[in-house]
Amino acid sequence: MLIIGIAGGTGCGKTTVVNTILNELPEGEVGIISQDSYYKDTSHLNFDERVQINFDHPRSIDFELLMEHLTILKTGKPIDQPVYSFVKHNRTGDTIKTYPRKVMIVEGILILSHPEIRDLFDIKIFVHADSDERLIRRLKRDINERGRNIDEVLNRYQTTLKPMHQQFIEPMKEYADIIIPNNKYNTVAVDIVRTIINEKL
Ligand SMILES: Nc1ncnc2c1ncn2[C@@H]1O[C@H](COP(=O)(O)OP(=O)(O)O)[C@@H](O)[C@H]1O
Ligand SMILES: O=c1ccn([C@@H]2O[C@H](COP(=O)(O)O)[C@@H](O)[C@H]2O)c(=O)[nH]1
């Protein structure tokens, strides 16, 4: 199994890059694990308390479960990947049966910040977009798709997202094998990654 880790700050285009890579590959050959599925279960908190969580700090992620799931997939067995709701800021209680594939892509803002998980990746990719570009994309996406308003997004950006990005995400570029510049849609880089995957299939 080839495991590819794709990191990068919020709004850099990780999900879009992954979907574009998958578009022209045979269906079912590549598996996806999203770090978002591994935000800790916070059912013991009410909504107002959950809103206060710093979702850009590594402690918000259940890395133990992610590690356990990747280890199970490597042994050829399926896992039940939790489903996360950004609207509720919590897991939904549902899971998706995720089967091991020849190539597994793990994507998320903080996946390169955990040394043991980082070591599991055969290829480490960092998607870069400038912070102003990422903030614009984040504003549009969170208002249109995640039920936020402009004040919420900007307040989270200033209080937690930006400092956490500088502390835990940007320094992870050092570990990347490939850095994809993604201020504009980067079809060349996506084609290169797809070629690497195709060789493995
Ligand atoms: N290269 C790009 N140029 C312009 N918009 C982009 C680009 N890549 C992604 N987007 C848009 O930016 C938003 C965030 O992209 P997404 O892939 O969800 O980022 P991430 O998964 O890194 O948070 C989405 O609305 C997406 O359509
Ligand atoms: O309940 C939550 C959990 C996370 N977030 C924010 O999401 C981004 C990470 O997702 P991307 O798709 O990579 O943007 C992170 O910056 C968190 O602040 C949230 O708003 N609510």
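This is a predicted model: local features need pLDDT of at least 70, side-chain atom pairs count only at pLDDT 80 or more; totals for chains, interfaces and linings use all residues.
**Exercise 1. Secondary structure and overall dimensions**

*Solution.* 
Step 1. Read from the N terminus, the elements follow the order β-α-β-α-α-β-β-β-α-β-α-α-β-α.
Step 2. Along the principal axes, the C-alpha atoms of the protein chain fill a box of roughly 45 × 35 × 30 Å.
Step 3. Among contacts between residues at least 6 apart in sequence, 76% join residues at least 24 apart.

**Exercise 2. The annotated span**

State which residues UniProt lists for the domain, and describe that span in the model.

*Solution.* 
Step 1. An unreviewed UniProt entry lists residues 3–188 as "domain: Phosphoribulokinase/uridine kinase".
Step 2. In the model, residues 3–188 are 38% helix and 22% strand.
Step 3. The end C-alpha atoms of this span lie 21 Å apart.

**Exercise 3. The largest nonpolar core**

Identify the residues that touch the most other members of the largest nonpolar core, and the elements that contribute to this core.

*Solution.* 
Step 1. Of the 201 residues of the protein chain, 32% count as buried.
Step 2. The largest nonpolar core has 39 residues, of which Ile6, Ala7, Val17, Ile105, Ile125 and Val127 touch the most other members.
Step 3. Two or more residues of this core come from each of β1 (2–7), α1, β2 (30–34), α3 (63–74), β5 (103–107), β6 (123–128) and α7 (187–200).
Step 4. The element that gives the most to this core is β5, with four residues.
Step 5. For Ala7, neighbours within four places in sequence being left aside, the contacts are Gly108, Ile109, Ile111, Leu112, Phe126 and Met172.
Step 6. As a general background, nonpolar side chains tend to be buried together in soluble globular proteins.

**Exercise 4. The two ligand shells**

Describe the residues around ligand 1 and ligand 2, and classify each shell by residue type.

*Solution.* 
Step 1. Ligand 1 has 13 residues around it, and Gly13, Lys14, Thr15, Thr16 and Arg137 come nearest.
Step 2. Helices α1 (14–23) and α5 (131–145) each supply at least two residues of the shell around ligand 1. The largest share, three residues, comes from α1.
Step 3. By type, the shell around ligand 1 holds two nonpolar, seven polar and four charged residues.
Step 4. Around ligand 2 lie Thr10, Gly11, Lys14, Asp36, Tyr39, Phe55, Asp56, Phe86, His89, Ile109, Arg156 and Leu161.
Step 5. The shell around ligand 2 divides into five nonpolar, three polar and four charged residues.
Step 6. Lys14 belongs to both shells.

**Exercise 5. Two individual residues**

*Solution.* 
Step 1. Although His89 is not a glycine, its phi is positive, at about 55 degrees.
Step 2. Burial requires 20 or more other C-beta atoms within 10 Å.
Step 3. Phe47 and Arg148 are 101 residues apart along the chain, and their C-alpha atoms are separated by 14 Å.

Conventions. Residues are numbered from 1 along each chain as its sequence is written. Chains are lettered from A and ligands numbered from 1 in the order in which they are written. A residue is near a molecule or strand if its C-beta atom, placed from the backbone, lies within 6 Å of it. Ala, Val, Leu, Ile, Met, Phe, Trp, Tyr, Cys and Pro count as nonpolar, Asp, Glu, Lys and Arg as charged, and the others, Gly among them, as polar. UniProt positions are given in the numbering used here, feature names are shortened, and annotations may be inferred rather than shown by experiment. A residue is buried if 20 or more other C-beta atoms lie within 10 Å of its own, exposed if 12 or fewer, and partly exposed in between; C-beta atoms are placed from the backbone. Two residues are in contact if their C-beta atoms, placed from the backbone, lie within 7 Å. A nonpolar core is a set of buried Ala, Val, Leu, Ile, Met, Phe, Trp, Tyr and Cys residues joined through C-beta atoms within 7 Å.
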